[in-house]
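Let's take a friendly walk through this protein model, from its strands to its cores and loops. Have the sequence and the 3D view ready.

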Amino acid sequence: MTIPFADQSGFLSSSLPEDTVRRLTDAGSRRRVPDGGLIHAKGDEADALFGVISGAVRIASAGDDGRELVLAVLEPGAWFGEIALIDGGRRTHDAVALGESELIVVPKAAFVRLLTEHPPLSAHLLVLLCRRLRMTFSALEDEAFLPLDRRLAKRLLALADAYGEVEGTATRIALHLPQEELGHMLGTSRQTVNRLLGAWARDGLIARAYGRVTITDRTALDRIARG
C-alpha cells in the first residue's frame with residue numbers, strides 16, 4: 001500500500017526508513033468517512049492510529065455549556081490519535097471528517113509492536129509531539145496577546161497554505177468554512193467572525209460564497225496578521 005505521507009504535518013518524513021514506512025502502512029487498512037462523520041469521540045478508548053490520506057479532519061472539544069473549540073484541522077499527510085495510544089488514557093478530543101475523507105487506520109497492537117521493533121519510528125513520533133507542543137504554546141500566546149482580527153487573519157492564511165487552490169491572483173481555501181466553524185476555531189461567536197469577514201470583503205481582501213473563503217489580497221491580510 002503506497003500512501004503519500006511526506007507532508008511536514010505528519011511524522012513520516014523522507015528521512016524515515018522506507019522499510020518502516022512500508023511496515024506501518026501495510027499494518028493499516030483504508031477507511032472512507034463521509035463529511036461530518038465521527039472518527040472518534042472524546043473519552044473513547046484508543047484502538048488505532050489514524051493517518052489522513054485525502055480530505056481533512058477537524059480536531060475539536062466541546063465544553064459543558066455546549067460551546068465547541070476547534071483545536072486543529074489536519075490535512076493529508078497528518079497522523080493523529082497517538083496520545084492515548086502512548087499514555088494509555090482515553091481520547092482527548094473529538095475527531096470529525098471535514099468533507100469526505102479517506103484515512104489509513106493502524107490498529108493499536110500493530111502500532112505498539114512497530115514502536116518496539118523500529119526505533120526510528122519512536123524518534124519521529126517524539127519530533128511530532130514536540131512540534132505539536134510548540135504549536136500549542138504558540139496558540140496559547142496568540143489567544144492571550146493577539147486581538148481577534150490578527151488571529152483570524154493568521155488562521156485564514158494558514159488554511160490557505162494548507163488547502164489553497166490558486167485562481168489567478170487569488171487563493172481559494174478548498175474547505176467548507178461557515179462562519180460558525182471559523183468561530184469554533186478561534187473561540188468566538190459567528191457574529192463576530194461575520195463582522196470581520198464582511199469588512200475584509202468590502203475592502204477587497206477576501207471574497208465569500210456559500211461557506212467558502214477566497215483570499216484576494218494576501219499582502220493586506222498578511223499585514224493584519226503581523227500587526
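## Strands and how they pair

Two strands pair if DSSP finds at least two bridges between them. Helices (H or I, at least four residues) and strands (E, at least two) are DSSP runs, numbered from the N terminus. Before we use those terms, a word on where things come from. This is a predicted model, where local features need pLDDT of at least 70 and side-chain atom pairs count only at pLDDT 80 or more, while totals for chains, interfaces and linings use all residues. Residues are numbered from 1 along each chain as its sequence is written, and side-chain values use heavy atoms, with hydrogens and water left out.

Now look at strand β3, residues 48–54. It pairs with strand β6 (residues 79–80) in the antiparallel sense over two bridges, and Phe-50 stands opposite Phe-80 in β6. β3 also pairs with strand β8 (residues 101–107), again antiparallel, over six bridges; here Gly-51 sits opposite Ile-104 in β8. Six of the seven residues in β3 are buried, where buried means under 20% relative accessible area, exposed over 50% and partly exposed in between (1.4 Å probe, protein chains only).

## A four-strand sheet

Next, find the open sheet made of four strands in the order β9-β10-β12-β11, with antiparallel pairing. The edges belong to β9 (164–167) and β11 (206–209), each with a single partner strand, so one side of each has no neighbour in the sheet. On average, neighbouring strands here are turned by 25° against each other, direction ignored.

Zoom in on β11 and β12: they pair in the antiparallel sense over four bridges. Ala-209 stands opposite Arg-212 in β12.

## Two domains

The chain is divided into domain 1 (18–143) and domain 2 (146–226); such bounds come from an automatic or database domain assignment. Their C-alpha centres lie 26 Å apart. The contact between them takes 14 residues from domain 1 and 13 residues from domain 2, with contact meaning heavy atoms within 4.5 Å.

## The nonpolar cores

A nonpolar core is a set of buried Ala, Val, Leu, Ile, Met, Phe, Trp, Tyr and Cys residues joined through side-chain atoms within 4.5 Å. In soluble globular proteins, nonpolar side chains tend to be buried together. In this model the largest core has 30 residues, and those with the most contacts inside it are Val-73, Leu-156, Leu-159, Ile-173, Leu-175 and Trp-200. Several elements each supply at least two residues, among them β5 (68–74), α5 (148–163), α6 (179–186) and α7 (190–202). The largest share, eight residues, comes from α5. This core draws at least three residues from each of domain 1 and domain 2.

Which residues does Ile-173 touch, not counting residues up to four places away in sequence? They are Leu-156, Leu-159, Ala-160, Tyr-163, Arg-212 and Val-213. There's also a second, separate core of 16 residues, including Ala-46, Ile-104, Val-106 and Leu-125.

## Helices that cross

The axes of α5 and α7 come within 11 Å and cross at roughly 75°. Axes are lines fitted to C-alpha atoms, for helices over the stretch in contact, and angles run from 0 to 180 degrees between N-to-C directions. α5 and α7 are therefore roughly perpendicular to each other; angles of 65 to 115 degrees count that way, with under 35 roughly parallel, over 145 roughly antiparallel and the rest oblique. Residues making the contact include Leu-152 and Leu-156 of α5 and Leu-196 and Trp-200 of α7.

α5 and α6 also have axes that come within 11 Å, crossing at roughly 110°. Among the residues that meet are Leu-156 and Leu-159 in α5 and Leu-182 and Met-185 in α6.

Tyr-210 lies in the loop between β11 and β12 and is exposed, with a relative accessible area of 80%. Most residues other than glycine have a negative phi. Phi of Tyr-210, however, is near 55°, a positive value. Thr-169, in the loop between β9 and β10 (170–173), counts as exposed at 80% relative accessibility.

Is Leu-205 buried or exposed? Leu-205 lies in the loop between α7 and β11, and it's buried, with a relative accessible area of 8%. Leaving aside neighbours within four places in sequence, Leu-205 is in contact with residues including Trp-200, Ile-215, Leu-221 and Ile-224.
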